[in-house]
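The following exercises are to be worked through with the sequence and the structure at hand. Each task is followed by a solution in steps.

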Amino acid sequence: MISNYRILSSKIRLNTGIISIFGSEHKRTINAIGFIVMFVNHRKNTLHMKKLISILLITLFVISCSVNKENSYKEFFIFKPDIRLFTSFAFMNAAGYNHDWNDSMHPIRIEVRNYLDSTLTDDYKKEINDYYKKLGGGNFYGYGVYALNSKFPPEFGLICDTCKNEHIEKFVGFDSILIDFYDKANIEELWNKFEGELYEINLQYKPYAEQALKQITDYCKLDSNYYYNSTKGNFYYQDIPLMSYFTAFCNENGNDYWVISGPSDGQPGPSAFYHESLHKIINPIVKNNSNINLKIHDLVKLSQEKLKGSYNSDTTLLCESFVRTIDKILSSRYYEYSEEKLYTMIEQEYKLGHILSFYLLENLPDYEKSKETLSEYYPKLISNIDLEYEKSRWINYWKNRIEE
């Protein structure tokens with residue numbers, strides 16, 4: 001009786017220790033290990049004991065690797081809202097950014113703007129408007145990147161001098177302006193009111209994060225853990241109602257990858273991740289083929305008839321054309337759209353000035369059938385472009401629109 005009690009006690013102590021290390025979700029496996037230990041204690045045969053102990057150790061190792069990887073991947077995605085972005089975009093709204101691509105602004109944006117308008121004095125609003133106009137007006141990317149490279153309130157200074165780039169350098173004196181704005185606008189009070197609601201908005205997208213990245217890596221024929229392995233830090237997703245509808249940007253900040261999105265009129269789904277996440281794969285592919293990209297230079301000039309200064313280089317136009325087209329292809333497959341609807345979505349991109357979107361829609365199926373990755377197949381996609389045909393397509397498309 002005493003011997004059995006000691007065996008049972010050993011099993012309980014072992015299970016408790018392992019559960020504390022690996023988590024309760026593996027209790028069933030851990031219990032099985034406990035019974036192995038009981039069995040080992042009953043055996044007198046040394047050979048059997050060695051074999052069973054070996055099994056125990058191997059099992060422990062497999063569980064350890066599995067749990068560590070699972071927990072690490074769960075921690076990879078971060079949806080907690082960021083007060084630095086909230087403050088920076090609140091400043092934009094208070095300083096004069098009044099545009100929205102939607103017919104009406106998001107209700108949270110309206111409420112925050114009304115609060116700021118009633119809280120700040122007219123003299124102070126003119127002061128920050130002067131600074132805002134000096135920087136060239138609304139630029140969510142610039143204000144957002146500055147915020148991500150700044151300290152948390154109430155300091156707001158840049159984290160490091162090496163953080164500076166062409167987008168941040170023009171924000172001279174913005175740290176002191178933000179400190180003043182944070183105080184005068186009672187941002188802490190606003191943040192306390194909306195933080196929970198903003199977190200709930202972000203969490204609506206959590207179920208789709210891993211699925212979306214898997215769909216992207218499958219399409220580009222990369223390892224499914226590409227984002228996890230190529231991002232040393234975390235993957236942040238932020239849906240920020242203070243931005244305009246249908247706007248978004250991505251930023252690699254130190255070891256972290258950020259996807260910052262304004263509100264949309266659709267339901268949460270994997271498509272919320274496609275566009276900005278695709279840039280992490282597409283941009284390096286395009287930039288690594290700069291000599292080949294020169295071929296489309298004349299098409300870049302034509303596209304500026306609609307793009308009006310945006311995406312005005314071979315690299316930026318190609319990056320955006322690939323991202324937008326693949327984004328629509330993935331969305332079409334996930335939501336099971338018809339070919340006609342996919343064509344209409346691509347046509348909308350073409351109308352905006354993305355002159356290669358029809359070409360990519362027509363030629364990416366050949367890539368999909370190939371055994372090559374997108375990176376390997378990319379030179380073929382560019383070299384196969386018939387420049388004269390694409391120029392003619394563009395000219396005739398807009399000619400027909402005028403005649404209609």
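**Exercise 1. Charges over rings**

Task: In this predicted model, determine which ring R401 lies over, and at what distance from the ring centre.

Solution. 
Step 1. R401 is placed over the face of Y397.
Step 2. The distance from the ring centre is 4.2 Å.
Step 3. A further case is K221, which lies over the face of Y367 at 4.3 Å from the ring centre.

**Exercise 2. Aromatic pairs**

Task: Explain why the pair of Y219 and Y367 is classed as tilted.

Solution. 
Step 1. A pair of aromatic rings is described by the distance of the centres and the angle of the planes.
Step 2. The structure holds 40 aromatic pairs. For Y219 and Y367, the ring centres are 5.8 Å apart and the planes stand at 55°.
Step 3. Planes under 30 degrees apart count as stacked and those over 60 as edge-to-face, with the rest tilted; the angle of 55° therefore makes this pair tilted.
Step 4. The pair links distant parts of the chain, since Y219 is in helix α10 (residues 209-220) and Y367 in helix α17, 148 residues apart.
Step 5. Y219 is buried at 6% relative accessibility, and Y367 is buried at 0%.

Task: Describe the geometry of the aromatic pair formed by Y237 and F273.

Solution. 
Step 1. The centres of Y237 and F273 are 4.7 Å apart, with 40° between the planes, and the pair is tilted.
Step 2. Y237 belongs to strand β2 (residues 235-239) and F273 to helix α12 (residues 271-287); the two are 36 residues apart and link distant parts of the chain.
Step 3. Both Y237 and F273 are buried.
Step 4. Ring pairs also join Y237 and F273 into a cluster whose members include F76, F77, Y205, Y226 and Y257.

**Exercise 3. An enclosed space**

Task: Find how many cavities of 30 Å³ or more the structure has, and describe the lining of the largest cavity.

Solution. 
Step 1. Rolling a probe the size of a water molecule over the atoms shows where empty space is left.
Step 2. The search of the whole structure gives one cavity of 30 Å³ or more. The volume of the largest cavity is about 80 Å³.
Step 3. Its lining includes P81, D82, W191, N202, Q238 and L242.
Step 4. Two or more lining residues come from each of α4 (83-95), α9 (187-203) and β2. The largest share, three residues, is that of α9.
Step 5. By class, the lining has eight nonpolar, two polar and two charged residues.

**Exercise 4. An open space**

Task: Identify which helix gives the most residues to the lining of the second largest pocket.

Solution. 
Step 1. The second largest pocket holds about 210 Å³ of space.
Step 2. Among the residues that line this pocket are I329, R333, Y337, Y343, L361 and E368.
Step 3. At least two residues of the lining come from each of α15 (314-334), α16 (339-352) and α17 (357-369). The most, four residues, come from α17.
Step 4. The lining divides into seven nonpolar, one polar and three charged residues.

**Exercise 5. Cysteines and a cis peptide bond**

Task: State how many disulfides a search of the whole structure finds, and where P154 is placed.

Solution. 
Step 1. The search finds zero disulfides.
Step 2. C250 is in no disulfide, and the nearest cysteine sulfur, that of C319, is 9.9 Å away. A disulfide would require the sulfur atoms to be within 2.5 Å.
Step 3. C250 is buried, with a relative accessible area of 16%.
Step 4. P154 is in the loop between α7 (140-148) and α8 (174-184). A cis peptide bond joins P153 and P154, with omega about 15°.

Technical notes:
Residues are numbered from 1 along each chain as its sequence is written. This is a predicted model: local features need pLDDT of at least 70, side-chain atom pairs count only at pLDDT 80 or more; totals for chains, interfaces and linings use all residues. Side-chain values use heavy atoms; hydrogens and water are left out. On a 1 Å grid over the protein atoms alone, a cavity is a set of points where a 1.4 Å probe fits but cannot get out, and a pocket is an open set with protein on both sides within 12 Å along at least five of seven lines; lining residues have an atom within 4 Å of a point. Grid points are joined across faces, edges and corners, and a volume is the space filled by probe spheres set on the points. Ala, Val, Leu, Ile, Met, Phe, Trp, Tyr, Cys and Pro count as nonpolar, Asp, Glu, Lys and Arg as charged, and the others, Gly among them, as polar. Rings of Phe, Tyr and Trp (its six-membered ring) pair if their centres lie within 6.5 Å; planes under 30 degrees apart count as stacked, over 60 as edge-to-face and the rest as tilted. Buried means under 20% relative accessible area, exposed over 50%, partly exposed in between (1.4 Å probe, protein chains only). A charge sits over a ring if NZ of Lys or CZ of Arg is within 6 Å of the ring centre and within 35 degrees of the ring normal.
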